[in-house]
Amino acid sequence: MTPTTLTSFTPVLASLVSLLAVLPIVYFGRKPNLREGFTFLAGFIKLGLVLSMLPIILAGNTIEYTLWEIVPNLSIAFRVDSFGMIFALVASSLWIVTSLYSVGYMRGLKEHSQTRFYSFFAISLSATIGVAFSANLLTLYLFYEMLSLATYPLVTHHQDKEARTGGRTYLTYLLSTSIGFVLPALIFIFLKTGSSMDFTSGGFLSGHIGASEALVLLLLFTFGFAKAGLMPFHSWLPGAMVAPTPVSALLHAVAVVKVGAFCIIRVYTGVFGIDFLSNLDLGTMITWIAAFTIITSSLIALTQDNLKRRLAFSTVGQLAYIILGVALLTPYGLTGSMMHIAMHAFGKITLFFCAGAIFQATGKKYISEMVGIGKRMPITMIAFFIGSMSVVGLPFAGGFWSKFYLLWGTVSDGQHFMLIVLLISSLLNAAYFFPIVFKAFFCKPEESLFENKIQEAHPCAVIALSLTALGSIFLLSIRI
Amino acid sequence: MIEQSPAFILLAPFFTAIFIALVGIRFRWICFPLVLISLTLSVIASVCTLFRVLDEGTLRYFLGGWAPPFGIEFRIDGLNALVAIVITVVALITGIYSRQRVLAETPDKVSQFYTLYLLLVAGLVGMVITGDAFNLYVLLEISSLTSYGLIAMGPKRATLATFKYIIMGTIGASFYLLGVGYLYIKTGSLNMLDIHEQLVANNLLGSQSVMVAFIMITIGVWIKMAFFPLHSWLPNAYAFAPTTTSSLLAPLVTKVMIYVMIRMMLTVFGVEYTFIQLDWSNIVIWMSVIAILSGSVMALAQTDLRKMLAFLIIAEVGYMVGGVWLADQSGMIGAIYHIISDAFMTLCVFLFAGIVFAKTGNRNINAVEGMFKKMPLTMMAFIVGAFSLIGIPPTCGFFSKWYLIQGGINSGHWEFVIALLLSSLINAILFFRIIEIAYFGANPAEGHGHHHTEEPKRSEASPSMLIPLLCTAALLLAIGIFNDPIIRIITDFVVATGLR
């Protein structure tokens, strides 16, 4: 069957549904159960809409919808292809789980301004799906900015001094890079090509610009999408850890950071084109930056005692894997990158859920205070173990496949140095995760800081983290 | 009736002003409804005029039936029809907003205030639609004199600010008049189109006196639009004026002067002369880069909310002057589009500043503390305005930057592109400082301490102030999302002038 292009309003709806849900969420702000009901309703409708497009995409077709021409030659347009589909599936399914977790976490801690929290969460999801289904650079940029701004109230939810500092770092990095780097690159490309800037499978820049211009543009995009956290533009990520844990979990392990990585992959494949980049040999430089980020962030993660900060630095490293994979400019590397978006999402969200559950149940934030916690919260810590296996890439969880493809990508391209980087980094990952689990379960009774009595976090939170942990294992059985 | 629409734009506020001056002192209640009626008429007339221009092409309206070059002519094309709509709509929105503030801030001078207000609007709109260079001077003086009066109605410090403005404003107007005088000597005509034809027909474009005229007019207009470093009159005048006055002056006066500059450069002197023969683009663009950056940086140093916004206007003037002088089609389109979008952005933030002042009586930016809880709708509208000034899509500020940056890249003026981007970032800092204060409070608590504080009660401003603000915010989004038709009108105008 030949691939066809269908026109359908569904991708627009899939993005809009959570934005529309803001109205009832605000309206029923004083009735928490009803309010959360609408969050779940929107979540399931969103997932349903995304799933309804899955068979069409699996059959090799694409779905398009053009809203309107906003600037001559340039439209706000949506397009669904397989890569966008993977990302949308991950984001929309994890939103439901995170909502469940949020109910447990936010109610368990009696947080203030929960209506605002759920509203902006829904807006952020609209922006995320919008990014996944963008058909051209302008639409992508629009949703990218929307996501930066909609997550600001979430990051600074506590409204204290620490949140203000974190929020400042967050916006400074994200806005200055998107306005300072991406916007001029965007306009430059528009002027050079005069085209609609639609993503095409082979890229559309080839033949319009020279090698030096391509180099500058590539750097502007790679660092401009600072949500991907490539060093030296990574500091916002640990700074944003002041947010409540559900926010850190969904936005900083899945939506925000993955949007950054997604945008970079989109630009490499859909704007530059892999062939164009490899002809100019521009991938090597990016792989080196990514390799540096991987090793450095893993080493920093080793030194962090605050669990959420350790996870944040781990995220910086894992994102650099994705960039490295695509910058190898080989099919295996690219597959590995795309898979790693999904696999790492499930693994890392589990880890964040666990960190939040521990904080909610015991008030502990620091790893040194978690000795023996496995006796008190066994389910949480088992989930933590599964999550860390997935992130490290051991063959018992989904993360194995993506690491496998990434490694294969380096070998097939003869990049032995990158192979060594990936392997060392995996060892470092193991070194900063497994001691936590080990100390939690196998400590001497006199070392244990907790009584030998099982007391887990709020049930909603426990269910959510078990689901994502099971999801990580389940992903092992999927091969793309 | 419809043939008279250009005249109606000007005459509705003009005659009402005279009527209010006569009757308003006895019957104070009549002022506000009359202002609204006249401005609504003016809005309708300007919209009609725009549609007629779109249908029929350039309109020529001979005042009193006297044909040019002897009589006064209103000459309306796509450019000034758009600017006329902007002026009348801003005046109407501010008019609605003024209902309570005028009674509160100048209770003993209500009729005088409204008389001057309408005369000012008549002057501004007249400057835009007239096709006569000397007539423009007369209307310039009308609008200047009325604005001096309106600003001086403010509290004590406004008097000195007005005095400064009078001195600078008069110098600026004199420069302009001198320039027109030189042109009159050379061509014997005051009609803009006729001057241009005479200049070309008699081969006068190489003449030294025409160049002097060009310089005089440009400098005069620059003083009036507060182009850095000729800006010193503006910040205090706008910061200490009554809130209604600054909400009317801030969006309009500088923008109208930009229009006059464009009109003089493109219609009177012509593209050929200003951009090719004189070729001063490089100098002027560097000046505008300095204007943009210094305006933004000075805004950072302010603690007075309205003064901060006033310095932002100076930066925005730099955007437009730079955009015009890029000598590039996209740059010109961006500059003209920015006249429209900046008028409404400035209106939005100044209305917000007015509401904050009305609610708290405090000029400092710390006055916005806790506003997200107390006045969520007001803050929402403000955020739209702030995002537009930063240039976040899909607000209109993004699209004016979009075209201006295109112009900068096209013409190779990278310094202008960088200045625009930097100023966007500085604007982000400026506005997020305000948003932070509103969201966290001026001194946020250490640690996780916000759980048990009493939630402050909601208390929005009264509808007569809130609704204009919300309308303006909605307009910002609408102008941004549906920028295409506006851009088409502007493009037609720019292409017709021969700029490439």
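**View 1. Two domains of chain A in a predicted model.** The centres of domain 1 of chain A and domain 2 of chain A, taken over C-alpha atoms, are 23 Å apart. The domain assignment gives domain 1 as 1-170 + 238-269. Domain 2 covers 282-480.

**View 2. Where domain 1 of chain A meets domain 2 of chain A.** Here 31 residues of domain 1 are in contact with 32 residues of domain 2. On the domain 1 side, helix 4 (82-108) and helix 10 (245-272) of chain A each supply at least two residues. Helix 10 of chain A gives the largest share, 15 residues. By class, this side of domain 1 has 24 nonpolar, 5 polar and 2 charged residues.

**View 3. The largest nonpolar core.** This core has 386 residues. Those with the most contacts inside it are Ala91(A), Ile264(A), Ile323(A), Ile87(B) and Cys348(B). Domain 1 and domain 2 of chain A both give residues to the core, so it lies between them.

**View 4. The surroundings of Ala91(A).** Which residues are in contact with Ala91(A), leaving aside its neighbours within four places in sequence? They are Leu125(A), Thr128(A), Ile129(A), Ala132(A), Val254(A) and Ala255(A). Ala91(A) is also among the residues with the most contacts inside the largest nonpolar core.

**View 5. Confidence along chain A.** The mean pLDDT of chain A is 85. Of its residues, 99% reach 70 or more. Among the elements of chain A, helix 6 (residues 137-155) has the highest mean pLDDT, 90. Helix 15 (residues 373-376) of chain A has the lowest, 80.

Definitions and conventions:
Residues numbered from 1 in each chain as written. Chains lettered and ligands numbered in written order. Predicted model: local features only at pLDDT ≥ 70, side-chain atom pairs only at ≥ 80, totals over all residues. pLDDT = per-residue confidence, 0-100. Helix = DSSP H or I, 4+ residues; strand = E, 2+ residues; numbered from the N terminus. Domains from an automatic or database assignment. Contact = placed C-beta atoms within 7 Å. Nonpolar A, V, L, I, M, F, W, Y, C, P; charged D, E, K, R; others polar. Core = buried A, V, L, I, M, F, W, Y, C linked by C-beta atoms within 7 Å. Buried ≥ 20, exposed ≤ 12 C-beta atoms within 10 Å, placed from the backbone.
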